[in-house]
Amino acid sequence: MTDTGIAVVTGAGRGLGQATSLALAQRGYRVVVAARSSDAAQATVDQITGVGGEAIPLVLDIAAIASIRAARDRLLPMLAETWPGSRIQVLVNNAGVGHFAPLDEVTGDDFDDTFAVNVRGPLFLIQAFAPHLADGARVVSLSSSLSRHVSPATAVYAASKAAVEAMSRSLAPELGRRGIRINTIAPGPTATDFNGGAMRDNTELRLGLGQQTALGRVGEPTEIADAVAALVSEDLRWVTGERIEVSGGVLM
Ligand SMILES: NC(=O)c1ccc[n+]([C@@H]2O[C@H](COP(=O)([O-])OP(=O)(O)OC[C@H]3O[C@@H](n4cnc5c(N)ncnc54)[C@H](OP(=O)(O)O)[C@@H]3O)[C@@H](O)[C@H]2O)c1
C-alpha cells in the first residue's frame with residue numbers, strides 16, 4: 001500500500017472514529033488509533049492490520065490536557081521507530097460526548113464534561129500536535145448538524161459543536177501559513193453507540209429522524225468516514241476553514 005503519511009484519529013475504538021481509521025487505512029495512511037482504553041485501541045488496530053493496513057494504538061483521554069501531552073510525548077519516539085521518515089499528515093478530532101437534557105435538567109458536570117471533551121480536548125490536541133504536523137497536513141474536527149438546526153434538549157451539545165466550528169475557522173489562517181488545512185465535518189444522525197445507540201437501536205427514533213432527511217434515512221458510520229477521507233484528500237486541497245455537513249440533507 002502507498003504510504004500517504006500518518007493519520008491520528010481520536011475516539012477511534014468504536015463508532016465514527018473506528019470507521020474513519022479504517023477508511024484512512026484503506027487509502028494507505030498509517031493510522032494512530034487513539035482511544036481511552038488500550039483494548040479499544042487494539043481492537044481497531046487489529047481490524048486495520050487484518051485487512052492489510054498499518055496501525056498502532058495510543059491511549060489518550062482527550063478530556064485531560066496532561067493526557068494529551070503525555071500521549072504526544074510517548075507517540076513521537078514510537079513513530080520515529082515504527083515508521084521512520086513518515087510524517088503526520090492528518091489529525092482527526094473525532095472523540096465526543098453528548099449529554100442531552102432540557103434546560104432545567106442541565107447539570108454543571110454535564111456542561112463541563114461536554115466542553116472538556118468536545119472543545120477543550122480538540123483545541124489542546126491541535127496545539128500539542130501542530131509543531132509535529134507536516135506542512136500541508138489536514139486537521140478535521142467532528143461537529144454536528146445540531147450546530148445548524150434545533151432540536152429540544154440539545155443546548156449544551158449544540159453549543160459545544162458550534163464552538164468547535166468557530167475554533168476551526170479561527171485556526172485556519174494560523175495553520176494556513178504552513179499550508180495546513182483545517183475543517184469540520186458535521187454529521188447528521190448516524191447509527192453508532194452515540195446517545196446510547198438511539199439512532200441505531202431505537203426503531204421509532206431512527207425512522208423518525210430518517211424522515212427528516214432528504215435521503216430518507218439516518219447515516220451509516222462509513223458514510224461519515226468516507227467524507228472525512230475525501231476532505232483530507234488532494235481533491236479538496238483548496239478547502240479550509242469550512243464546515244461541511246454530511247447528513248443526507250437533514251432538516252434543510
Ligand atoms: N453518531 C451521530 O449521530 C453523530 C452526529 C453528529 C456528530 N457526531 C459526533 O461524531 C463523533 C463520534 O461520534 P460517534 O457517533 O462515533 O459516538 P460514539 O459511538 O458514542 O463514540 C464516541 C467516541 O468518543 C470517545 N470518547 C469519549 N470521551 C472521550 C475521552 N474523554 N477521551 C477519549 N475519547 C473519548 C469514545 O471513547 P470510549 O469508547 O472510551 O468511550 C468513543 O470512541 C463525536 O464527536 C460526536 O459528537 C455523531
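Predicted model: local features only at pLDDT ≥ 70, side-chain atom pairs only at ≥ 80, totals over all residues.
The residues lining the second largest pocket divide into five nonpolar, six polar and two charged. Here Ala, Val, Leu, Ile, Met, Phe, Trp, Tyr, Cys and Pro count as nonpolar, Asp, Glu, Lys and Arg as charged, and the others, Gly among them, as polar. Residues are numbered from 1 along each chain as its sequence is written, and side-chain values use heavy atoms, with hydrogens and water left out.

The volume of this second largest pocket is about 150 Å³. Of its 13 lining residues, Arg 217, Gly 219, Glu 223, Ser 247 and Gly 248 lie nearest its centre. On a 1 Å grid over the protein atoms alone, a pocket is an open set of points with protein on both sides within 12 Å along at least five of seven lines, a cavity is a set where a 1.4 Å probe fits but cannot get out, and lining residues have an atom within 4 Å of a point. Points are joined across faces, edges and corners, and a volume is the space filled by probe spheres set on them.

Helices (H or I, at least four residues) and strands (E, at least two) are DSSP runs, numbered from the N terminus.

Next, the sheet. Seven strands form an open sheet in the order S3-S2-S1-S4-S5-S6-S7, with parallel pairing; two strands pair if DSSP finds at least two bridges between them. At the edges are strand S3 (54-59) and strand S7 (243-246), each pairing on one side only. Strand S1 (residues 6-9) pairs with strand S4 (residues 88-93) over four bridges, and Val 8 has Leu 91 in S4 as its bridge partner.

Finally, the whole chain. The protein chain has eight helices and seven strands. Its radius of gyration, taken over C-alpha atoms, is 17 Å, close to the 18 Å that the globule rule (2.2 Å times the number of residues to the power 0.38) gives for 252 residues, so the chain is as compact as a globular protein of that length.
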